[in-house]
Amino acid sequence: MINRSVFAINLDQFLIEIRSVGRHSFGVDELKKALKVSDKAIYQALYRAKSKEKLAKIRKGYYAILSPEYIKQGMVPATLFIDDLMRMLHRKYYMGLISGVLNQKWKLIINTSIDADIWLR
């Protein structure tokens, strides 16, 4: 049986380690390698961290670390995690910004060299 308080400290240490090298996201496989605990313990800890607004799920098996300035939005800007995500997916991509003529809001375009482009507001 895993001591939950020890595991929580380890998860927090993992998140601090990721942020200390300038990253804002991580994959579950990376977390499993670092903590070496059961899958059930990993997913329970991720669920608790999401409930406490420490993490946001980007996609299955990939999470963003919510620092205080992004908690209200519930997600970090895509420009902070898209490179790590595309590396994990082994996808080449192109990223560019365009502005709307009428509303002057910036939009992020990510072309993953597949059939569709990803548009984020």
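# Exercises on a predicted model

Y70 is placed in the loop between β3 (62-65) and α4 (82-88). The model is predicted, and the exercises below start from this residue.

**Exercise 1.** Determine whether Y70 is buried or exposed, and identify which residues it contacts beyond its neighbours within four places in sequence.

*Solution.* Step 1: the relative accessible area of Y70 is 19%. Step 2: the cut-off for a buried residue is under 20%. Y70 therefore counts as buried. Step 3: with neighbours within four places set aside, Y70 is in contact with M75, V76, P77 and L80. Step 4: a separation can also be stated for K54, which lies 16 residues away along the chain; the C-alpha atoms of Y70 and K54 are 9.9 Å apart.

**Exercise 2.** Describe the sheet: in what order do the strands lie, and which of them are edge strands?

*Solution.* Step 1: an open sheet is formed by 3 strands, with antiparallel pairing, in the order β1-β3-β2. Step 2: β1 and β2 each pair on one side only, and they are the edge strands. Step 3: from one strand to the next, the twist averages 30°. Step 4: the antiparallel pairing of β2 with β3 extends over 4 bridges. Step 5: within this region, A56 stands opposite A64 in β3.

**Exercise 3.** Characterise the surroundings of S25: where is it found, is it buried or exposed, and what does its side chain contact?

*Solution.* Step 1: S25 belongs to strand β1, residues 25-27. Step 2: S25 counts as buried because its relative accessibility is 0%. Step 3: the side chains of S25 and Y62 make a polar contact of 2.7 Å. Step 4: when residues up to four places away in sequence are not counted, S25 touches I18, I58, Y62, Y63, A64, F81 and D84.

**Exercise 4.** Locate the nonpolar cores, and list the contacts of L55.

*Solution.* Step 1: 15 residues make up the largest nonpolar core, and those with the most contacts inside it are L15, F26, L31, L46 and L55. Step 2: two or more residues of this core come from each of α1 (4-20), α2 (28-35), α3 (39-51) and β3. Step 3: a second, separate core has 11 residues, among them Y62, V76, F81 and L85. Step 4: apart from neighbours within four places in sequence, L55 contacts L15, F26, L46, A49, K50, Y63, A64, I65 and L66.

**Exercise 5.** Find the location, phi and accessibility of K36 and of E53.

*Solution.* Step 1: most residues other than glycine have a negative phi. Step 2: K36 is not a glycine, yet its phi is positive, at about 55°. Step 3: K36 is found in the loop between α2 and α3, and with 70% relative accessibility it counts as exposed. Step 4: E53 is likewise not a glycine and has a positive phi of about 60°. Step 5: E53 is found in the loop between α3 and β2 (55-59). Step 6: the relative accessible area of E53 is 44%, so this residue is partly exposed.

Notes: Residues are numbered from 1 along each chain as its sequence is written. This is a predicted model: local features need pLDDT of at least 70, side-chain atom pairs count only at pLDDT 80 or more; totals for chains, interfaces and linings use all residues. Side-chain values use heavy atoms; hydrogens and water are left out. Buried means under 20% relative accessible area, exposed over 50%, partly exposed in between (1.4 Å probe, protein chains only). A polar contact is a pair of N or O atoms within 3.5 Å; within protein, one must be able to donate a hydrogen and the other to accept it, and residues adjacent in sequence count only if both atoms are side-chain atoms. Contact means heavy atoms within 4.5 Å. A nonpolar core is a set of buried Ala, Val, Leu, Ile, Met, Phe, Trp, Tyr and Cys residues joined through side-chain atoms within 4.5 Å. Two strands pair if DSSP finds at least two bridges between them. Axes are lines fitted to C-alpha atoms, for helices over the stretch in contact, and angles run from 0 to 180 degrees between N-to-C directions.
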